[in-house]
Amino acid sequence: MSAAAVEHPCDDEPEPLLDTANRLTRQHPGYRVESIGGVITVAPPPDASHADVLTTLMIPFIAAGLHAEESRVLQGIGVWLPSGPEDYAIPDLSLVDADLDEHLIENGCYDPAAFRLVLEVTSSNYNNGLRNKVATYAEAKIPVYVIVNRKHARLHVLTEPMSSDYAGHEVYAAGQKLVLPASIGAEVTLDVEELLRAGRPRG
C-alpha cells in the first residue's frame with residue numbers, strides 16, 4: 001500500500017467518530033457536540049436562563065473555597081468516557097482536582113478520575129441528562145452527578161456510582177435546601193428554589 005493511499009483513504013471508508021465530532025464542532029460554533037455510546041449528539045447554544053443557573057450555582061461552590069489550590073469549578077470541559085473508544089461528554093459544570101492538566105487524555109478531554117462532581121442543567125433534550133448521562137457518568141465512576149431538571153422543577157443528586165447507574169438518588173423540590181456530599185471537598189448547600197427560579201424561561 002502506498003503512502004498516498006494511507007493518507008487519503010477511499011471514499012467509502014467511514015470517518016473516525018472524533019473526526020466527525022470535531023468537524024461538527026467547527027461547523028456549528030457555540031453548539032455542544034458530544035459522543036456517547038458511539039452516538040454523536042449536537043445541542044444548540046444554551047439560553048440565558050440556562051446560563052443564569054450555572055452562575056447561580058458557581059457562587060456557593062466558590063464561597064466554600066472549592067475554586068482554589070486543591071480544586072477548580074469549571075464550565076464546559078470535556079470528560080473522556082469508558083463507554084466507547086472515542087466517547088466523551090461535556091458537562092455544563094464540573095468540580096475537578098486542581099491538577100487537571102496532568103489528566104489530559106485526548107481531544108481536549110480529561111480522565112474522569114479527576115472529576116469530583118459533574119452537573120447538567122436540562123434543556124430541550126432533557127432525557128439526555130436524565131437517562132443517557134446517568135449511565136455514562138456512573139460507568140465513568142464520577143462520584144456525584146447533579147441534575148437541575150428545569151422541565152419538572154426538581155434537583156436530582158446522584159451518588160455511589162455502580163456499573164451503569166447510581167445507588168443513591170435523592171430528589172429535591174422548591175422550598176428545600178440540599179447539602180452536597182462532603183466527598184467533594186467542602187460543605188456546599190444549594191437553595192433549590194433559587195436555582196429553579198434562575199432557570200425559568202425569560203419573558
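At 32% relative accessibility, Asn107 counts as partly exposed, a class that lies between buried (under 20% relative accessible area) and exposed (over 50%), with a 1.4 Å probe and protein chains only. The model is predicted, so local features need pLDDT of at least 70 and side-chain atom pairs count only at pLDDT 80 or more, while totals for chains, interfaces and linings use all residues. Residues are numbered from 1 along each chain as its sequence is written, and side-chain values use heavy atoms, leaving out hydrogens and water.

**Loop residues with positive phi**
- Asn107 sits in the loop between β7 and β8 (109-110), and its phi is near 55°, a positive value in a residue other than glycine.
- Lys141, in the loop between α4 (126-139) and β10 (144-149), has a phi near 60°, also positive in a residue other than glycine.
- Lys141 is exposed, with a relative accessible area of 57%.

**Helix α2**
- In α2 (residues 17-27), the residues Leu18, Thr20, Ala21 and Leu24 are buried.
- These four cover an arc of only 160° around the axis, which puts them on the same side of α2; the arc is that of the directions from the helix axis to the C-beta atoms.
- Helices (H or I, at least four residues) and strands (E, at least two) are DSSP runs, numbered from the N terminus.

**Nonpolar core**
- The largest nonpolar core has 28 residues, where a core is a set of buried Ala, Val, Leu, Ile, Met, Phe, Trp, Tyr and Cys residues joined through side-chain atoms within 4.5 Å.
- To this core α3 gives the most, with 5 residues.
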